[in-house]
Amino acid sequence: MALMFLSETVRAYRQRDPAARSNLEVALCYPGLHAVALHGLSSFFWRHRFYLLGRMISHAGRFLTGIEIHPGARLGRRFVIDHGMGVVIGETAEVGDDVYIYHQVTLGGISTQLGKRHPTIGNNVIIGAGAKVLGAIQVGDNVRIGANAVVVSAVPAGTTVVGIPARPVEQSGRMESRSEAYGTPADPCLDPLLQELDMLRSELTELETRITRLAGERV
Ligand SMILES: CC(C)(COP(=O)(O)OP(=O)(O)OC[C@H]1O[C@@H](n2cnc3c(N)ncnc32)[C@H](O)[C@@H]1OP(=O)(O)O)[C@@H](O)C(=O)NCCC(=O)NCCS
């Protein structure tokens with residue numbers, strides 16, 4: 001089971017990180033993958049009330065990868081932590097499936113009270129480098145959080161937020177399918193430059209066809 005989860009996570013890196021060239025490279029050289037694997041182990045012990053052992057494995061993971069994931073945090077499937085250094089994920093944080101985060105992201109608390117105090121992140125969310133998501137807030141599915149944003153209140157599904165404090169820049173639901181790396185939209189039809197290029201290409205093809213036809217008529 002654990003191996004299946006890890007292999008689908010390796011595939012997620014290959015699909016979403018343009019720098020990932022092979023499964024072996026991801027398995028050996030991606031600290032985010034190592035941190036998630038070690039978290040699987042630390043959270044196993046945590047859930048079975050071996051708290052100190054869980055913390056020690058999590059601490060070893062932090063030492064090896066620069067990524068700190070509390071053993072109590074719940075992570076979804078195909079969770080990709082790209083680059084990873086400086087990531088902090090708190091004890092009561094919950095992360096959905098197909099979430100992609102970059103280095104120096106914090107899913108942190110703002111209260112010292114016990115109980116839920118860290119964010120809940122929906123499915124298919126991208127969190128840019130250096131962003132901080134703070135408090136027991138809900139981040140909906142298909143949300144994009146810009147690099148260095150500080151999110152302190154709930155973010156509705158399909159929204160892109162940037163800045164400090166984070167504010168929406170768009171409410172389009174563009175991420176209903178999937179985003180490419182860096183949070184850029186996956187659907188090329190939505191890019192005006194690509195649309196223009198497509199138009200020019202079809203005009204060129206039409207001109208070539210007409211020239212060929214005219215040349216044929218003159219012979
Ligand atoms: C937030 C993000 C996903 C938006 O991407 P996008 O949909 O292509 O949005 P645009 O570039 O069209 O920007 C929309 C607006 O938000 C602003 N904006 C974009 N990212 C921002 C950020 N991180 N902080 C502040 N403002 C930002 C743009 O300036 C633009 O403002 P304007 O409408 O006033 O001109 C993207 O900018 C981002 O931050 N991705 C994370 C990338 C990352 O962490 N890379 C690390 C790789 S190692």
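The model is predicted, so local features need pLDDT of at least 70 and side-chain atom pairs count only at pLDDT 80 or more, while totals for chains, interfaces and linings use all residues. Residues are numbered from 1 along each chain as its sequence is written, and side-chain values use heavy atoms, with hydrogens and water left out.

## Overall composition

The chain has 5 helices and 14 strands. Helices (H or I, at least four residues) and strands (E, at least two) are DSSP runs, numbered from the N terminus. Of the 219 residues, 41% count as buried. Here buried means under 20% relative accessible area, exposed means over 50%, and partly exposed lies in between, with a 1.4 Å probe and protein chains only. The chain exposes about 12600 Å², of which carbon and sulfur atoms supply 60%; accessible areas come from the Shrake-Rupley method with a 1.4 Å probe, and for residues only the protein chains shown count as cover. Among contacts between residues at least 6 apart in sequence, 32% join residues at least 24 apart, where contact means heavy atoms within 4.5 Å.

Helix α1 has 15 residues and reaches 21 Å from its first C-alpha to its last, close to the 21 Å expected at 1.5 Å a residue. The expected span of a helix is 1.5 Å times one less than its number of residues. The buried residues of α1 are Glu8, Thr9, Val10, Ala12, Tyr13 and Arg16, and they pack against α2, α3, β2, β5 and β8.

Helix α4 covers residues 51–65, and the 21 Å between its end C-alpha atoms agrees with the span that its 15 residues should have at 1.5 Å a residue. Its buried residues are Gly54, Ile57, Ser58, Gly61 and Thr65. Seen down the axis of α4, these buried residues fall within an arc of 100 degrees, so they line one face of the helix; the arc is that of the directions from the helix axis to the C-beta atoms. The cover over the buried residues of α4 includes α3 and β1 (68–69). On the face turned away from the buried side, α4 carries the exposed residues Leu52, His59 and Phe63. Just after α4, Gly66 takes a positive phi of about 80 degrees.

## The largest nonpolar core

A nonpolar core is a set of buried Ala, Val, Leu, Ile, Met, Phe, Trp, Tyr and Cys residues joined through side-chain atoms within 4.5 Å. The largest such core has 40 residues, and those with the most contacts inside it are Ile81, Ile89, Ile101, Leu107, Ile127, Val133 and Ile145. The elements that give two or more residues to this core are α1 (2–16), α3 (31–47), β2 (80–81), β5 (100–101) and β8 (126–127).

Ile101 has its place in strand β5 and is buried, with a relative accessible area of 0%. Leaving aside neighbours within four places in sequence, Ile101 is in contact with Phe79, Val80, Ile81, Asp82, Val87, Ile89 and Ile127. Ile101 and Val87 are 14 residues apart in sequence and 8.8 Å apart in space, C-alpha to C-alpha.

With neighbours within four places again set aside, the contacts of Ile89 are Glu68, Ile69, His70, Ala73, Phe79, Ile101 and Leu107. Ala73 lies in the loop between β1 and β2 and counts as buried at 3% relative accessibility. Not counting residues up to four places away in sequence, Ala73 touches His39, Ile89, Gly90, Glu91 and Ala93. Ala73 and Trp46 are 27 residues apart in sequence, and their C-alpha atoms are 9.9 Å apart in space.

## Aromatic pairs

The structure holds 5 aromatic pairs. Rings of Phe, Tyr and Trp (its six-membered ring) pair if their centres lie within 6.5 Å; planes under 30 degrees apart count as stacked, over 60 as edge-to-face and the rest as tilted. Two of the pairs are set out below.

| Pair | Centre to centre | Angle between planes | Type |
|---|---|---|---|
| Tyr13 and Tyr30 | 5.2 Å | 75 degrees | edge-to-face |
| Phe44 and Phe45 | 5.3 Å | 80 degrees | edge-to-face |

Tyr13 lies in helix α1 and Tyr30 in the loop between α2 (23–29) and α3, so their pair ties together parts that are 17 residues apart in sequence. Tyr13 counts as buried at 0% relative accessibility, and Tyr30 counts as buried at 9%. Phe44, at 40% relative accessibility, counts as partly exposed. Ring pairs link Phe44, Phe45 and Phe50 into a cluster.
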